[in-house]
Amino acid sequence: MAAAVQDNSRVNLVGMERGAMQDFFTALGEKKFRAAQVLKWIYRHGATDFAVMTDLALPLRRRLGEVATLGLPPVSGERTAADGTRKWLLAMSEGAAVETVFIPERGRGTLCISSQAGCMLNCTFCATARQGFNRNLSSAEIIAQLLIAGRRIPAPETVTNVVLMGMGEPLLNFDNVAAAVRLMVDDCSFGLSRRRVTLSTAGVAPAIVRLAEECPVSLAVSLHAPEDKLRDELVPLNRKYPIAALLEACRVYARSRAGAVTFEYVMLDGVNDSPQQAKQLARLLRGMAAKVNLIPFNPFPGIAYRRSPQTVIDAFREVLLGEGLMTITRRPRGEDIDAACGQLAGRIADRTRRAAQARLH
């Protein structure tokens, strides 16, 4: 587990699932039910010290202070946008810092969390992709983002929804992401409904099927093109898992959950936003339990793409609605602090040399 969230002489209980924590307490000679008590203290009450866990005997609290920790990564930056969106920069080990974003809305608060330091993929319209890749985040580092946000969001705002749409491809860090998601929905932890946790993927088809079997939550797929040639360019992962394979995995997922899959579609001026492409998209998704989320492109320095005009986005949406596809247009949030979709970059010690190569071209 990463040094940023763990004293190596003690076991970090943050990010530990119920079963593993039961084993931990059994090894201490304690009853398994202690795990549920501690989970509630960490995630429901936001405890930062074992001393406050008053339903544990004092000797056990002292013992926990000796052998365990509740470690979180330090916050090295915090910004608030004009629209109330908040962004935190969290310092991780190995030369990396990741970004986490909270988006307040009437009646809900959405936390966008990261799953990797950087990203292995190379989607051409994404700022994170330009940074290259450092490493996967541990389950502790993923779940810590919820704890940190909970402590820094002013009342009465609160996290009601979590989206794994921050830095990284969640399904390329499957085990750690799944462990964190199981904690999010555990009744003794955050207790979120599975429908209030959304995982966004660029299309790792086999892992979508695995997720359906092991840990189904709401699924969002970054599609962005209605045919393979264009998607190969925008989302290079498509060369490994082309649209047909991806959609078959999505059909399996939708059947297993009896719910619709959301297809995200970034609107790029003159690239993927024509009425003909809207009709192509509608044909592609016909007969699926699907809905479409149109995302106005959020620019960042050094990128040639432009956002489609609002009239073009509206016309694209009308075509999809006319074909019977539930379609919404996402309202950009946090653009003035680079917290909008596709803008998260953090600070990455790149192991792929992608950033350096981009500067040479």
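**Surface, fold and core of a predicted chain**

The chain exposes about 15,500 Å², and carbon and sulfur atoms supply 50% of this area. Accessible areas follow the Shrake-Rupley method with a 1.4 Å probe; for residues, only the protein chains shown count as cover. This is a predicted model: local features need pLDDT of at least 70, side-chain atom pairs count only at pLDDT 80 or more, and totals for chains, interfaces and linings use all residues. Residues are numbered from 1 along each chain as its sequence is written, and side-chain values use heavy atoms, with hydrogens and water left out.

Start with the overall form. The C-alpha atoms fill a box of roughly 70 × 45 × 40 Å along the principal axes. A compact globule of 361 residues would have a radius of gyration near 21 Å, and the chain agrees, with 21 Å. That radius is taken over C-alpha atoms, and the globule rule is 2.2 Å times the number of residues to the power 0.38.

The secondary structure comes to 12 helices and 15 strands. Both are DSSP runs numbered from the N terminus: helices are H or I with at least four residues, strands E with at least two. Among contacts between residues at least 6 apart in sequence, 68% join residues at least 24 apart. Contact means heavy atoms within 4.5 Å.

Now move inside. The largest nonpolar core has 110 residues, of which Leu13, Phe125, Met184 and Phe263 touch the most other members. Its largest share, eight residues, comes from helix α6 (residues 174-185). Such a core is a set of buried Ala, Val, Leu, Ile, Met, Phe, Trp, Tyr and Cys residues joined through side-chain atoms within 4.5 Å. Leaving aside residues up to four places away in sequence, Leu13 touches Met21, Phe24, Val38, Ile42, Tyr43, Phe50, Ala68, Thr69 and Leu70.

Asn12 lies in strand β1 (residues 11-12). Asn12 is buried, with a relative accessible area of 2%. Its C-alpha is 39 Å from that of Pro301, 289 residues away in sequence.

Two loops deserve a look at the backbone. Pro156 sits between α5 (139-152) and β9 (161-164). The peptide bond from Ala155 to Pro156 is cis, with omega near 5°. His224 is in the loop between β11 (218-222) and α8 (228-234). Phi of His224 is positive, near 70°, in a residue other than glycine. His224 is buried, at 4% relative accessible area.

Conventions
Buried means under 20% relative accessible area, exposed over 50%, partly exposed in between (1.4 Å probe, protein chains only).
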